[in-house]
Amino acid sequence: MQTQSTHSLEGTGLSCIRDDRVLFEELAFELVSGQVLLLEGKNGSGKTSLLRILCGFREPDAGEINWCGDAVKDSQFYAQMAYVGHLDGIKKELTVLENLKMSVALSSAGQYSIHEALTKVHMAGYDDILVQALSAGQKRRLSLARLLITENVLWILDEPFTSLDKQGIALIETLMTEHCANGGMIVLTSHHDIDLHGVDVQRINLS
Amino acid sequence: MSLSHAFFAVIRRDLVLALRRRSEIANPLLFFILVITLFPLGIGAQPHLLQAIAPGIIWVSALLAAMLSLDSLFRSDFDDGSLEQILLSPHPTSVLVLAKIIAHWLVTGLPLLVVAPLLAVFLGMPNHALGILLLTLLLGTPVLSLIGAIGVALTVGLRRGGMILSLLVLPLYVPVLIFAGNAVQMAGSGLPVDAQINILISILLMALVLAPLPVASALKMSIN
């Protein structure tokens, strides 16, 4: 349990224009602790662009995003979010343990210790293995383990189920359900149907 | 975790990475040594000429070696998404970026300092100029890494940024080259070089303070 207080993420009037093509306009949503926002839409409909706008990598062409009522820049947003994107963000020349230690150093230690997190994603015992020796699915699990070891409320996940097997998907769904039960919130894109028991899932269809 | 912890963690990570892919250290150093050893062969048996242009040769080679090593500064982090994670860190990006630049200098700049005296003797540089040569390299090569980082940060998102990078960065390297080369030359003739050294110190301090900010902003732009 990270925090008892509720957090909120609110987007108003968001629009994104890419190469003269309007991806979305006047998009609004509000997400509070314990909720999941699932972005749907066909390829190229702007799901990833929206996530990158939420992360602050892109500026929205219009509209604004607020975290707990304040503009993202003036808030604790970056200390309370974690992002797993298309790129894993892990170094293949470093070991599993070194990669996770780096993630903790860049943010702050969270709910689980590194060993607990590795056990949770079924990668216990892989500590000293170089990441380049891992399979694609294992790399994905490793980057998702980062969500557990750092302190955060909001998870932003871009296609988290890519290259995971059935058990992997079920595992991540369990972790997401736990996170929401603990007052966390999640924004994600996925082509798979997600199966979260008892979690309030909002859907936005971008196409 | 605290900012200083993150700062040293970034330095340590980059040093470990450099150790695990050694060609990154070896490449610029080998280039530096090769260029300098080829000069006497190209010029022929003219020791006085060689001695006269030795400061220039060493400094131009150091500058080109630094240019050669620049691309590795952010490339792999950009390609594997580590850069996104660094930008998302609640710690100020400019400080983390400074840590990366320092690690880069330790890996590519410092080795030049170690071999430079040997190569200087090889070119017939007078002994009393060696100290000043080392001092100018110590003050000048970090500036090359700092200024170069701005150029790399601006071009890392481009497919082929190499050409633009040299055009962007080389003009900014010229003051360092002029003052450092001149200092070594003057020291060789036994003249005082305080002015040049002071200017190099001020360039270094200014680059140290001012470079990380545009690097951080440029990286945010490149990741877009």
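Start by selecting the five strands of chain A that form an open sheet, in the order β6-β7-β8-β3-β9, with parallel pairing. What you have on screen is a predicted model. Now colour β6 (81-84) and β9 (200-205) of chain A: they stand at the edges, and each has a single partner strand, so one side of each is left without a neighbour in the sheet. Turn the view to look along the sheet, and you can follow a twist that averages 15° from one strand to the next.

**Stop 1**

Which residue of β7(A) stands opposite A:V84? Pick A:L157, and you have found it.

**Stop 2: helices on the parallel sheet**

Next, select helix α4 (residues 136-149) of chain A. This helix packs on the sheet and touches β6 and β7 of chain A. Compare directions here: that of α4(A) makes about 180° with that of β6(A).

**Stop 3: the antiparallel sheet**

Stay in chain A and select another open sheet, this one of four strands in the order β2-β1-β4-β5, with antiparallel pairing. Which strands stand at its edges? They are β2 (21-32) and β5 (70-71) of chain A; each has a single partner strand, so one side of each is left without a neighbour in the sheet.

Follow strand β4 (residues 62-67) of chain A to β5(A): the two pair in the antiparallel sense over two bridges. Click on A:N66, and then on A:A71 in β5(A), which is its bridge partner.

Now bring in helix α1 (residues 47-55) of chain A. It lies across β1 (8-18), β2 and β4 of chain A, and runs at about 125° to β1(A).

**Stop 4: chain A as a whole**

How many helices and strands does it have? Count five helices and nine strands. Starting at the N terminus, trace them in the order β-β-β-α-β-β-β-α-α-α-β-α-β-β. The radius of gyration of chain A is 17 Å, close to the 17 Å that the globule rule gives for 207 residues, so this chain is as compact as a globular protein of that length.

Along its principal axes, the C-alpha trace of chain A spans about 50 × 35 × 30 Å. Buried residues account for 38% of the 207 residues in this chain. Among contacts in chain A between residues at least 6 apart in sequence, 73% join residues at least 24 apart.

**Stop 5: where the chains touch**

Show chain B beside chain A. The contact takes 23 residues from chain A and 21 residues from chain B. On chain B, the elements giving two or more residues to this side are α1 (3-20) and α5 (82-88). The largest share, seven residues, comes from α1(B). By type, the residues on this side of chain B are nine nonpolar, seven polar and five charged.

**Last stop: a helix in chain B**

Finish with helix α8 (residues 130-155) of chain B. At 1.5 Å a residue, its 26 residues should span 38 Å; its end C-alpha atoms are 36 Å apart, which agrees. Is α8(B) largely enclosed or largely exposed? Of its 26 residues, 22 are buried, so α8(B) is largely enclosed by the rest of the structure.

Conventions: Residues are numbered from 1 along each chain as its sequence is written. Chains are lettered from A and ligands numbered from 1 in the order in which they are written. This is a predicted model: local features need pLDDT of at least 70, side-chain atom pairs count only at pLDDT 80 or more; totals for chains, interfaces and linings use all residues. Two residues are in contact if their C-beta atoms, placed from the backbone, lie within 7 Å. Ala, Val, Leu, Ile, Met, Phe, Trp, Tyr, Cys and Pro count as nonpolar, Asp, Glu, Lys and Arg as charged, and the others, Gly among them, as polar. Two strands pair if DSSP finds at least two bridges between them. Axes are lines fitted to C-alpha atoms, for helices over the stretch in contact, and angles run from 0 to 180 degrees between N-to-C directions. The expected span of a helix is 1.5 Å times one less than its number of residues. A residue is buried if 20 or more other C-beta atoms lie within 10 Å of its own, exposed if 12 or fewer, and partly exposed in between; C-beta atoms are placed from the backbone. The radius of gyration is taken over C-alpha atoms; the globule rule is 2.2 Å times the number of residues to the power 0.38.
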